[in-house]
Amino acid sequence: MASIPGGGTGWRRFGRLRGVRHGVKIFASGALFRYCRKMMQPDLTVLTRRADFLAANKGLRVARPGFVLLARPNGGLGKRFGITVTKKIGNAVVRNRMKRRFRALIREKLLAEGLPDHDHVLIGRENGIERDFALLREELGAALARATAGKGDPPRKPRGKGPKKAHGR
């Protein structure tokens with residue numbers, strides 16, 4: 001183990017982590033360690049709220065054979081991403097494998113080629129599982145290029161919002 005200034009090795013010197021309060025880590029031994037949250041934040045943030053996914057659905061849409069990319073400005077919150085794979089695609093094993101592949105794609109491509117201050121959502125399609133990873137990588141690059149140029153696909157037709165019909169009379 002590497003030694004730290006003041007003697008000792010690593011975090012063992014401080015003991016078990018007891019908690020974090022106002023940017024200060026508090027250890028069981030009573031030792032304090034200050035850290036900067038700004039430095040620890042990643043360049044990409046994960047979308048977790050349903051409202052963010054619904055808002056992204058109203059943005060730019062670029063369809064590819066393996067996935068659909070949605071992109072929408074988020075008002076200066078940085079690059080954020082979300083992944084959606086429906087049960088229609090397959091069982092949990094298949095969906096999780098597809099999400100792992102999408103996460104790997106996002107780590108490779110979105111940091112370099114993603115739109116700044118936008119929410120990006122990848123929606124898995126049925127043939128996305130069998131597609132070669134290199135082909136998915138190329139498709140994501142092309143989709144991000146189209147989104148950067150503002151060339152999205154036409155919006156989808158609203159489903160189930162048509163006029164109500166009288167039944168049987």
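This is a predicted model: local features need pLDDT of at least 70, side-chain atom pairs count only at pLDDT 80 or more; totals for chains, interfaces and linings use all residues.

Biologist: Fine. How many helices and strands does the protein have?

Modeller: The secondary structure comes to four helices and eight strands, and along the sequence these follow the pattern β-β-β-α-β-α-β-β-β-α-β-α.

Biologist: And what share of the residues is buried?

Modeller: Buried residues make up 33% of the 169 residues in the protein. As for contacts, among those between residues at least 6 apart in sequence, 65% join residues at least 24 apart.

Biologist: On to the core, then. Which residues touch the most other members of the largest nonpolar core?

Modeller: That core has 23 residues, and the ones touching the most other members are Phe 67, Leu 69, Phe 102, Ile 106 and Leu 122. At least two core residues come from each of strand E6 (67–73), strand E7 (79–84), helix H3 (92–113) and helix H4 (133–149), with H3 giving the largest share, six residues. There is also a second, separate core of five residues, which includes Leu 47, Val 68, Leu 70 and Val 121.

Biologist: Back to Leu 122 for a moment: what is Leu 122 in contact with?

Modeller: Setting aside neighbours within four places in sequence, Leu 122 is in contact with Phe 67, Val 68, Leu 69, Gly 82, Ile 83, Thr 84, Phe 102, Ile 106 and Leu 140.

Biologist: How many aromatic pairs did you count?

Modeller: The count comes to one aromatic pair, formed by Phe 67 and Phe 102 in an edge-to-face arrangement, with 6.1 Å centre to centre and 80° between the planes. Phe 67 lies in strand E6 and Phe 102 in helix H3, so the pair ties together parts that are 35 residues apart in sequence.

Biologist: Are those two, Phe 67 and Phe 102, buried or exposed?

Modeller: Phe 67 is buried, and so is Phe 102.

Biologist: Which residues line the largest cavity?

Modeller: The lining consists of Leu 69, Phe 81, Gly 82, Ile 106, Leu 110, His 120, Leu 122, Leu 140 and Leu 144; by class, seven of the lining residues are nonpolar, two are polar and none is charged. At least two of the lining residues come from each of E7, H3, strand E8 (118–124) and H4.

Biologist: Changing topic, where is Arg 61 found, and why does Arg 61 count as buried or exposed?

Modeller: Arg 61 is found in strand E5 (residues 60–63), and Arg 61 counts as buried because its relative accessibility is 14%, which is under the 20% cut-off.

Biologist: What does Arg 61 touch?

Modeller: Not counting residues up to four places away in sequence, Arg 61 touches Val 68, Leu 69, Leu 70, Gly 152, Asp 153 and Arg 156. The C-alpha atoms of Arg 61 and Pro 154 are separated by 7.6 Å, although these residues are 93 residues apart along the chain.

Biologist: Last one: what is phi of Asp 117 near?

Modeller: Phi of Asp 117 is near 55°, a positive value in a residue other than glycine. Most residues other than glycine have a negative phi. Asp 117 is found in the loop between H3 and E8 and is partly exposed, with a relative accessible area of 34%.

Notes:
Residues are numbered from 1 along each chain as its sequence is written. Side-chain values use heavy atoms; hydrogens and water are left out. A nonpolar core is a set of buried Ala, Val, Leu, Ile, Met, Phe, Trp, Tyr and Cys residues joined through side-chain atoms within 4.5 Å. Buried means under 20% relative accessible area, exposed over 50%, partly exposed in between (1.4 Å probe, protein chains only). Contact means heavy atoms within 4.5 Å. Rings of Phe, Tyr and Trp (its six-membered ring) pair if their centres lie within 6.5 Å; planes under 30 degrees apart count as stacked, over 60 as edge-to-face and the rest as tilted. On a 1 Å grid over the protein atoms alone, a cavity is a set of points where a 1.4 Å probe fits but cannot get out, and a pocket is an open set with protein on both sides within 12 Å along at least five of seven lines; lining residues have an atom within 4 Å of a point. Ala, Val, Leu, Ile, Met, Phe, Trp, Tyr, Cys and Pro count as nonpolar, Asp, Glu, Lys and Arg as charged, and the others, Gly among them, as polar.
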